[in-house]
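Thank you all for coming. I would like to take you through one model this morning, going from its sheets to its ligand and then to its domains.

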Amino acid sequence: MFREKFKDGIISARDFNREDIEYLLKKGHQMMDIKDSNILKGKILATLFFEPSTRTRLSFESAMLRLGGNIIGFHSGDVSSIKKGESLADTVRTVENYSDCIVIRHSREGSAKMAARFSKIPIINAGSGSKEHPTQALLDLFTIKEELGSLDGLNIGIMGDLKYGRTVHSLAILLSNFNIGLYFISPEELRMRNRYKDYLYHYRGFRFKELTDYRKILDNLDVLYMTRIQKERFADLEEYERVKNFYVFKQDDLAQTKDNFKLLHPLPRINEISTKIDSSEKAIYFKQTFYGLKMRQAILAEILKD
Ligand code: CP
């Protein structure tokens, strides 16, 4: 069922229902101890990254190698023939002949969807402009499920740059499949865009709250998902300067949280979480990167295995 539905790849969190997510969370759990397998032997993954990445590209590549497959790709548009003026569509129609699946990150919104229109092989969206980053959201849910045992019944805050942060858009959409209390915490100028709020509220019938001061609800949260302010997406750098230090989560904040509280972050972190709390059991953002590897192993196995 899952394999048939996602045989053309993963483009948007909107395509996932609760059953799809729970299936992948189960598959991710089964991958926890698998680091040397042959299930994707003979398969080739192409990673086409037109924007910088550490976690997404390397975890997809590591996942592929750990499952016995091979990898090709590039980490910048500057080293591909896009630099000479080739279109993304022509790039995809070329790379599909060299590989079995393409993972793509591009600054343009809708880039993965467009790539999928031209591709005969599955496309996985690894970040499309400020719009979506669905596999990050899948690994975020996997992290929460593995750490807290369930998603239902939790109070979850998503805090920081909700306007430009693509991870939070996909995350909010996936979370709307569960029975949770969801809080969007941001400065006024970085609120979640109406297109996502309308989708959640009107299309999914999902309720959420918006606020600016996280201290008002911190002691009630099970999970806080911090994000960095996305400097590269601001047209006006003065606006970035005004909000760049708006939230800095520190030891005093952590002391206000529940015993079982978990602090997540998609990373990279700039200065929005004090490094002094990195050693706390509540701060699980580096563990989250490991869960990311496992979730991407599960995704690749489901999409690529014979
Ligand atoms: N979370 C995330 O997408 O990290 P990278 O930009 O390092 O891939």
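Let me begin with a definition: two strands count as paired if DSSP finds at least two bridges between them, and strands (E, at least two residues) and helices (H or I, at least four) are DSSP runs numbered from the N terminus. Please keep in mind that this is a predicted model, in which local features need pLDDT of at least 70 and side-chain atom pairs count only at pLDDT 80 or more, whereas totals for chains, interfaces and linings use all residues. Residues are numbered from 1 along each chain as its sequence is written, and side-chain values use heavy atoms, with hydrogens and water left out.

With that in hand, look at strand β6, residues 155–159, which pairs in the parallel sense with strand β9, residues 223–226, over four bridges, and where M159 stands opposite M226 of β9. Both belong to an open, parallel sheet of five strands in the order β8-β7-β6-β9-β10. Because β8 (209–211) and β10 (262–264) each have a single partner strand, one side of each is left without a neighbour in the sheet. Helix α6, residues 134–148, lies across β6, β9 and β10 and runs at about 165 degrees to β10, while helix α7, residues 166–175, lies across β6, β7 and β9 at about 160 degrees to β6; these angles, on a scale from 0 to 180 degrees, are taken between N-to-C directions of axes fitted to C-alpha atoms, for helices over the stretch in contact, contact meaning heavy atoms within 4.5 Å.

The other open sheet is also parallel, with its five strands in the order β1-β5-β4-β2-β3. Within this sheet, β2 (44–49) and β4 (101–106) are joined by five bridges, and F49 has R105 as its bridge partner in β4.

R105 brings us to the ligand, since it is among the surrounding residues, which also include H133, Q136 and P266; a residue is listed there if one of its heavy atoms lies within 4 Å.

Finally, the domain assignment, automatic or from a database, gives domain 1 as 2–132 + 292–304 and domain 2 as 134–289. Their C-alpha centres lie 24 Å apart, and the contact takes 36 residues from domain 1 and 32 residues from domain 2.
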